[in-house]
Protein chains: 2
Amino acid sequence: MAEQEDVIELAKRRGFFFGANGAYGGVAGFYTYGPNGAAVKDNLESAWRDRFTVRQGNMEIEAPTIMPEAVFEASGHLDGFDDMLVECPECGESHRADHLIEDNTGIEEAESLPIAEVEELIREHDLRCPSCDAELAGEPVEDFNLMFETSIGPGSGQPGYMRPETAQGIFVEFPRLKEYARNRLPFGVTQIGPAYRNEISPRKGIIRVREFTQAELETFIDPEEDEPPLHEVEDVEVTLYPADEQEADDGEAYTTTVGEAVDEGVIGSDWVGYYLGVAQGWYERVGVDMDRFRFRQHLPGELAHYAADCWDAESEVGGDWIEITGFAYRSDYDLTKHAEHSGESFTVFKQYDEPKTVERAAVDPDMATLGPEFGGDAGAVAEALQTLAERDPDAFDADEVTVEVDGESYSVDTDVANFSVETVTENGEHITPHVVEPSFGVDRIVYTVIEHAYRVDEVDGEERTYLALDPEMAATDAAVFPLVSNDDRLLDLADEVTGDLRKAGLAVEYDDSGSIGRRYRRQDEVGTPFCLTVDRDGIEGDGPDTVTVRERDSARQVRVPVSEVADEIAALLDPETERAFDALAAAYDEIATDVETA
Amino acid sequence: MAEQEDVIELAKRRGFFFGANGAYGGVAGFYTYGPNGAAVKDNLESAWRDRFTVRQGNMEIEAPTIMPEAVFEASGHLDGFDDMLVECPECGESHRADHLIEDNTGIEEAESLPIAEVEELIREHDLRCPSCDAELAGEPVEDFNLMFETSIGPGSGQPGYMRPETAQGIFVEFPRLKEYARNRLPFGVTQIGPAYRNEISPRKGIIRVREFTQAELETFIDPEEDEPPLHEVEDVEVTLYPADEQEADDGEAYTTTVGEAVDEGVIGSDWVGYYLGVAQGWYERVGVDMDRFRFRQHLPGELAHYAADCWDAESEVGGDWIEITGFAYRSDYDLTKHAEHSGESFTVFKQYDEPKTVERAAVDPDMATLGPEFGGDAGAVAEALQTLAERDPDAFDADEVTVEVDGESYSVDTDVANFSVETVTENGEHITPHVVEPSFGVDRIVYTVIEHAYRVDEVDGEERTYLALDPEMAATDAAVFPLVSNDDRLLDLADEVTGDLRKAGLAVEYDDSGSIGRRYRRQDEVGTPFCLTVDRDGIEGDGPDTVTVRERDSARQVRVPVSEVADEIAALLDPETERAFDALAAAYDEIATDVETA
C-alpha cells in the first residue's frame, strides 16, 4: 500500500495538487490543482455528470457561492454548523476538542458528544495542547461556526456567507426549479461547485480542507407515491457496515446485494438503497479500489436531526477510512424550513387521480356587527371563528360560540358568524416533497483515485513508480516521444503520429526532452496509459514505418505500423471495444521487457 | 434587435438564468444559471478550453477562490482596487460617483478621474440621488475596496479575500508552475473559475454582478526573445476602435487585418495582436454577432499603470457596448511584485546560446582587522565594500577606500579590503518573464451569445420567438416528440429514435407534454436546433417508418426514415461535414411551412 507522503510528494512534483500560496508560507486547508490534477478532476466531474445528471435525466444548475444570511437562518447552518474549539491558554493555538479526544482516547465520533461531556473528558484524560503540551483541563470548549462570513455591498453592508454545501443553492430556488420540471415529481437537480468550511485545524493534506468541490444531487420525491427503479440495481453487490455491526463487539462490514439489504431493512430507505447501487458502479468506473471501500451507516448519534437514514461511502486511504460521499434521506426538512422563513411556497400541487368531494366548514362573519362590538380585535375574532369552524363544526350548533384571542374570550351569536358547510371538489393538494441526497466530495474522490492507483514495481531491474489510473481519468491518453531531436524524418513521423492521435479525439502529450527512460518515468508517474516512441529502427528496412507502443502497467512494448497506430490506441482506450494489449502483442512484434512486481 | 427585458424574461422562464435567492427577496448582483443556462455556459467553457488551453498547448490549473491578504498586498488590490462611492445624506443609499457623472453629463470614463475632480463635477452639475433626489453636492466621495473580505481560521483568524481575478492564483504559483513547464519560456497557464467584486451598485442584470466566472490565460514570455506565431492570424479581419479614433471628433471603428494593425503600430504588442486574432475566430465560433462586436483600445487614462497596451473586446447588447474580454500586456509587474513581497524567486534561468566570459570585481575583506576596528558595523562595512567594488572598481586603485553605512563614513586600507577582479563564465541569467493576458468574462459572453441569437419571426401566421444558437452552444441538440401519449407503437418508436440519437453522442430532450405547437415553442426558445416528431403518418402505409425533422431557424420540415435519422442529425450538427438542411430537404419529402421574418 502506498505511503501517503509518497503520494503527496508525487502529486506536488507531477502537477496533481499542492498547498496553495506556498510563496507566502501557505495557508492551511487551501490546495491548488496543477495541470494533471485539474485534468483528473475535470474527468471525474465529467464522469459524475454523465452518470448522475445526463443518464438519470436530472437538471444541472449553477448557483452563486456567496449567499445571504436569511438562507442559513432557515437551513440551520447559522446556529448549528459548529465545531468544538478549545484554545490553548499558553500558546493561544486553537484545536478541535473532538479530535483531541479521538486522537488520545479510544472514543470515536466525539463530534456527537455534548460540550459539557467533552470538557469533562479533557479533564479526565488530562489532555494537553498538541503544539506546546500545556494543560487543557479546565479550558472552556466553545462552538465555532464553520461558515466563512463576508459582507455584501458598501458600508456595513449585509452579512453573507460562503455556502457550506452546494445543496442550499438548489433548495432555495425550488419554487422556480419545480416550474422547469413542469411541476411533476419526482425530479432531480444537480450542482458541481465549490463549498467552504472554515475548519479549525485542517489536516491530512487534501482530505480536510477549507475550500473544496462538491457534486450534489437533490432528488425531490412524493414520499407516498414515488419509488426508485430499485430493480436496476437490486443485484449489485455492496460492502455494508451497518450501525449495529459498528456497535457490536465483533461486528464488521459484510458483502450483500442492494436488494437484500433493502428487503431486510438494513438500508432503511428504498431511495438511499437505489443510490448506493448506482454509486457503487460509478466508484468502480472511476477507479476506486473496491477492496478498500465500504458503505457505513451513520450511528444514531451521528444522524442529523432531520435525517431518517444516512450512509457514507468510505474509502481507505493512508490506513484511515474517510468519507467520500454522504447519502441522506433529508425528508421535507429543507423545503419546509425555507417555506417558513421566506413565506414563499415550496410545495408541488399533486393532482388526485380523481377529483375528491369534501365537505368544508366555513364562516362568513357579519363584520358590520363584529366591528363595532370588538373594535381592533374584530379581524382576529373572525379568523378564530374560521379556525374553530374547521376544527369543531359542531360548536356552531349552539346559539352562541366563544373563541379566544390573545387570552381574551369573545362570544359571538351563531347567526352573526354565518356558519355553513359547503361541499367542494378538490383536484389535488399541495405537498412538500421529500429530498434524497447523494453528496459527493470531489477532492477526496480525486485523492482516493490517485492513491489507489499508486504502484511501485521493477522494470528491467530498476524500480519505478506509476499510477494505474483508469484511462477515463488519466490526464493524458498517450504520449509521443521522438527518440532523438536532430533527425528530421523522425520528427516528421512523430508529428504525424501526434496529429493522427489528436484527430482520433485523444489527449496527447508530445515530449522530446531527456532520455527515453526519463520520459517513461514522467508519463508513468502521471498515469499516461500508452507511450509511443518513434525511433530509427521503425523507419529503416523495407517494411512499413512503425513506432513502439508501450503499455503503462505491464511496461510491455509492441511495434505497430504508423498507419494503424491511432486506431489501435483508440480501440485500447475505448471501454466498449474490450480490446486488450494482449491482442496487440499477438498481432504485431513484441519487444522483450522484464517486469517484476515489487 | 432584441429588447433586453424580453431576453431576460425568456432567460428566467426557460431556465437560462435568474436573480438568485428570489424567495428571500434576492440580493443584487448574484445570479443562478438554470439547467439551460448552465449547459450553454458549460459548452462555452469547453469551447474556450479547446481553443485557449488544448490547441494552444497551455496548462490549466484550479486554484482556491479564497486567498490570504499577503497576495493582494503584493498585487496592489488591497490598496488600489477601489470604486468611488458617494452616500446620499437623505436616504443613505450608496452610489458609484463615476456612474452618476457618466449618466448625467456627457463625460465618459469618469472612473479614471481623481476624487477631487469627481466631487467638483457633482457640485457643478448639481447631481442628485437617483433613489430619493436629494442633493449630493458637497457630499464626500470615498474609495471603497471591491474585494469581499473574510476571516480564515478560528478566533479573530487571519484576513482572507475572495479573489477579484483568477489570475492571482496563477501568478502566486509561478515558482512551481515554471517547473511543470521545465523552466522553458514561453508557456501559458489557464484557469476557468469564479471571481468576485463587491460592486457598489450592481446593475444591468447579469452584466455587472458580484460573483462571476473568468477564463484567463497568462502567457509567460521572455520579452527579448519570444515572438508569437503572428503569421497564423495576420490575415484575420478585425474591427478596431483605437484610442486616437475614440479621441477624435469624427473618429470611428474600422476594419483592418491583424497583420496590418501590428505593422502600423496601431496594436502596440505583437502578442496582444496575436491573441486578438485568435480570439476573433473564437467569438465567431461561439455565435457572437460580429456586426455588433469590436476591439476597443484603452485610452491612456484607463490603462493600468503596469500595462503597456490594452484592448477590450466589446459586444453590443441592449444598445450598449460592454467589455467581454480584456487583452493586456502586463509586463513583469505581477511577478516582480510577488517576488518583492514574498522574498521568493519568480524568475526563469535563461541559458545563453554560448557561455559568456565576464569580469567580476569582488572584495574579500580581512575581518580580523575590520572586526576590532568597526565592531558591530564590520559586517555592514564589508557589504558596502562589495557594493562599491561592483559599482566603481577604480576606487580600489587608491591606498584607501571610504564607504558610507547609515550616514557614517568608514575608511579602509585597500590591502585589508582584498580587492580583486575575477574572470567568470556565465551560462545564462535569471530573468523575470513578462505576462500577456487575455481575460474573458464568461457570463457576459454567455449573455451576448443568447441576446445575439434572439429572434422573432412568424411561422404559419403566428409570431414565434427562437434562439438561433450555434449547435455547439445549444443546451440540447435535438428534441423528440411522440405526437400522442396513448399509442404504444408510436411511443416505442420515439424511444428508439431517442436511443439512436443518444448513442450518436447527442444531448436529446424527450418531451411528451402539451400540444406539438407548445413543444415547438418551448424548444425554439431554448434554441434546440432540431425537433423530431413521431406521428401516425410515419408508421402507416407500406414504406419504411419515418419521423418529421424540423429545423429551428427555418421551421422547415422533412420526413426522414427512422433508420437514417440519427446519422442525418449527427451530420447536420457536425461543422466538419458541412451538411445543410437543404440537402436533407432534397433527399427526402419536405412538408410545406410558411415562414415570415417579422
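Okay, housekeeping. Because the model is predicted, local features need pLDDT of at least 70 and side-chain atom pairs count only at pLDDT 80 or more, while totals for chains, interfaces and linings use all residues. Residues are numbered from 1 along each chain as its sequence is written, chains are lettered from A and ligands numbered from 1 in the order written, and side-chain values use heavy atoms, with hydrogens and water left out.

Let's begin with chain A as a whole. It has 20 helices and 30 strands; those are DSSP runs, H or I of at least four residues for helices and E of at least two for strands, numbered from the N terminus. The C-alpha trace spans about 115 × 65 × 60 Å along its principal axes.

Buried here means under 20% relative accessible area, with exposed over 50% and partly exposed in between, using a 1.4 Å probe and protein chains only. As for contacts, meaning heavy atoms within 4.5 Å: among those in chain A between residues at least 6 apart in sequence, 66% join residues at least 24 apart.

The domain assignment of chain A gives domain 1 (350-431) and domain 2 (476-593), with bounds that come from an automatic or database assignment. Their centres, over C-alpha atoms, are separated by 83 Å.

Now, how do the two chains relate? Chain B can be laid on chain A by a turn of 180° and a shift of 0.0 Å along the axis, with an RMSD of 0.2 Å. That is the relation of a two-fold axis. In chain B, the residue that comes closest to the rotation axis is B:Thr150, at 2.5 Å by its C-alpha. And 100% of the interface residues of chain B are also interface residues in chain A, so the copies meet through the same surface.

Next, the aromatics. Rings of Phe, Tyr and Trp (its six-membered ring) pair if their centres lie within 6.5 Å; planes under 30 degrees apart are stacked, over 60 edge-to-face, and the rest tilted. That gives 59 aromatic pairs over all chains. Take A:Trp48 and A:Phe52: their ring centres are 5.2 Å apart and their planes at 25°, so this pair is stacked. Both lie in helix 2 (residues 35-54) of chain A, four residues apart, about one turn of the helix.

Which strand does A:Trp48 reach through A:Phe440? That partner lies in strand 21 (residues 434-441) of chain A, so the pair ties together parts that are 392 residues apart in sequence. A:Trp48 and A:Phe440 are both buried. Ring pairs link these residues into a cluster that includes A:Trp282, A:Tyr283 and A:Phe327.

Last stop, charges over rings, where NZ of Lys or CZ of Arg is within 6 Å of the ring centre and within 35 degrees of the ring normal. A:Arg176 has its charged end over the ring of B:Phe18, 5.0 Å from the centre. In chain B, the charged end of B:Arg550 sits over the ring of B:Tyr520, 4.1 Å from its centre.

Technical notes: Least-squares fit on C-alpha atoms with pLDDT ≥ 70 in both.
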